[in-house]
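Colleague: Can you show me the protein you have been working on? I would like to go through it step by step.

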Amino acid sequence: MALSSNFLLFCSLLFIISPSIAKTSPKPNALVLPVTKDPSTQQYLTEIKQRTPLVPVKLTLDLGGKFLWVDCEKGYISSSYKNVRCGSAECDISGSGACVVTCNAKRGPGCNNNTCSLNPYNPIKRLSTGGELAKDTLAIQSTDGKNAGKFFSVRKVLFTCGATFLLEDLAQGVKGIAGLGRSNISLPSQFAATFSNFHKKFAICLSSSPRGKGVVFFGDGPYVLLPGIDVSKSLTYTPLILNPLSTADQWKCCPLNATLLSIDKEGNGGTKISTVRPYTVMETSIYKAFTKAFIKEAAKIPRVKPVKPFGTCFNSAHIGSTRVGPAVPQIDLVLPGNHVWTIFGANSMVQVRKDVVCLGFVDGGVEPTTSIVIGGHQIENNLLQFDLAKARVGFSSSLLLRQTACSNFNFTSNIV
């Protein structure tokens, strides 16, 4: 980590993201989903249309989730629902390795004999249970990169039936998890497999306001935000590393344990990006070194009593305002190739009370599975593109510098 009166710097970060087969015509060049922020849970939500006839299904977005799962116990009715048979190609592709020979409950979606089994996971509550792998119709909007377009119906999209109790701690009205991770049956993978003209890429842009819609793009750019800015042209790329198990002179590096930023043979360590963690979580020694350095560089700002879950808070009456948020030391994530992703005050600070702002990073304990988990607040109003084919991630840094924001995609004027 490095810093001066203006800069804080993470030295040497690794990005990891946890590792869908469906067909229709004509083929869109890209697809798009709206994303909203739930004010009570800080979860990022989206909505798909699924089943026959189509019904809207609200989902919590999980950047690292391996697949789509929905609650099938309450009111799942669809004439196009099919369970995936044991030993089938789809079961093999899913990586299941498990089979339900006999289901002893009432037959229907989520309970069939000789069915491939895959465990749905609630990343908020950290709950998991067995679930039936199935396929059904899904409808999603197309896009030309500038506007939302017509809905395309995609048949036989793989997903897992979850139990109702797995919805615990998810936002009100949510019926499951939309997984965007690096697996064969995540939504980005399934859309890429369905449409031959699709690039195996997706991009995410989260709004900081519950009143504004962020966006997920499936496919390549352009990604155009009002007033006509193609933010895909501002991306800088760094390698995207899969966990095998789950430089300027004015900078001064913070004393971090560099081994914690690498992934060990047991799959521990490293850094990942998460949409289900509202704020960045750090291993204790990293957190202490980081906050100590930040406090030193923000020494002229009076500190106040911490407000949970944060450990470092300031009197905001003594902090100026800039286009990119509170005027505090900026944080630079230095990636392979010395590429820099800058976090400004809008993404580093959280207004918790009228005159109190806190550094939006939390202590994750001494032995977390992942040393640094970059949370949703830190990536709001930043465009992130995940190029799964080339195993790299592109980042824009704050779009506020370009006088636009993630809520500026045009969902209101549809293309024909």
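Modeller: We can start with the overall make-up and then go to single residues. This is a predicted model, where local features need pLDDT of at least 70, side-chain atom pairs count only at pLDDT 80 or more, and totals for chains, interfaces and linings use all residues. Residues are numbered from 1 along each chain as its sequence is written, and side-chain values use heavy atoms, with hydrogens and water left out.

Colleague: How many helices and strands does the protein have?

Modeller: The protein has five helices and 34 strands. Helices (H or I, at least four residues) and strands (E, at least two) are DSSP runs, numbered from the N terminus.

Colleague: And what share of the residues is buried?

Modeller: Of the 416 residues, 56% are buried. Buried means under 20% relative accessible area, exposed means over 50%, and partly exposed is in between (1.4 Å probe, protein chains only).

Colleague: How many residues are in the largest nonpolar core?

Modeller: That core has 61 residues, and F159, L187, F218 and F386 have the most contacts inside it. A nonpolar core is a set of buried Ala, Val, Leu, Ile, Met, Phe, Trp, Tyr and Cys residues joined through side-chain atoms within 4.5 Å. In soluble globular proteins, nonpolar side chains tend to be buried together.

Colleague: Take F159. What does F159 touch?

Modeller: Leaving out residues up to four places away in sequence, the contacts of F159 include L68, V70, Y76 and L133. Contact means heavy atoms within 4.5 Å. F159 has 0% relative accessibility, so it counts as buried.

Colleague: How many aromatic pairs are there in the whole structure?

Modeller: The search finds 15 aromatic pairs. In one of them, the ring centres of Y76 and F159 are 5.9 Å apart and the planes are at 15°, so the pair is stacked. Y76 is in the loop between strand 7 (69-71) and strand 8 (82-83), while F159 is in strand 14 (residues 148-162), so the pair ties together parts that are 83 residues apart in sequence.

Colleague: What are the cut-offs for a pair?

Modeller: Rings of Phe, Tyr and Trp (its six-membered ring) pair if their centres lie within 6.5 Å; planes under 30 degrees apart count as stacked, over 60 as edge-to-face and the rest as tilted.

Colleague: Is Y76 buried or exposed?

Modeller: Y76 is at 6% relative accessibility, so it counts as buried. F217 and F409 form an edge-to-face pair, 5.3 Å centre to centre with 90° between the planes. F217 is buried, with a relative accessible area of 1%, and F409 is buried at 5%.

Colleague: Which residues form an aromatic cluster with F386?

Modeller: F386 forms one aromatic cluster with F191, F202 and F218.

Colleague: Now strand 33. Why is it largely enclosed?

Modeller: Strand 33 (residues 382-387) has six of its six residues buried, so the rest of the structure largely encloses it. N382, L384 and F386 point one way, L383, Q385 and D387 point the other way, and all are buried. In a regular strand the side chains alternate between the two faces of the sheet.

Colleague: Which strands pair with strand 33?

Modeller: Strand 16 (residues 201-205) pairs with strand 33 in the antiparallel sense over five bridges, and I204 stands opposite L384. Strand 34 (residues 392-398) also pairs with strand 33 in the antiparallel sense over five bridges, with V393 as the bridge partner of F386. Two strands pair if DSSP finds at least two bridges between them.

Colleague: What is between strand 33 and strand 34 in their hairpin?

Modeller: Four residues are between the strands of this hairpin, where A391 takes a positive phi near 50°. Further along, S397 in strand 34 has a positive phi of about 65° although it is not a glycine. Most residues other than glycine have a negative phi, and most peptide bonds are trans.

Colleague: Which peptide bonds are cis?

Modeller: The bond from G221 to P222 is cis, with omega near 15°, and the bond from L226 to P227 is cis, with omega near 10°. P222 is in the loop between strand 17 (214-218) and strand 18 (224-225). P227 is in the loop between strand 18 and strand 19 (229-230).
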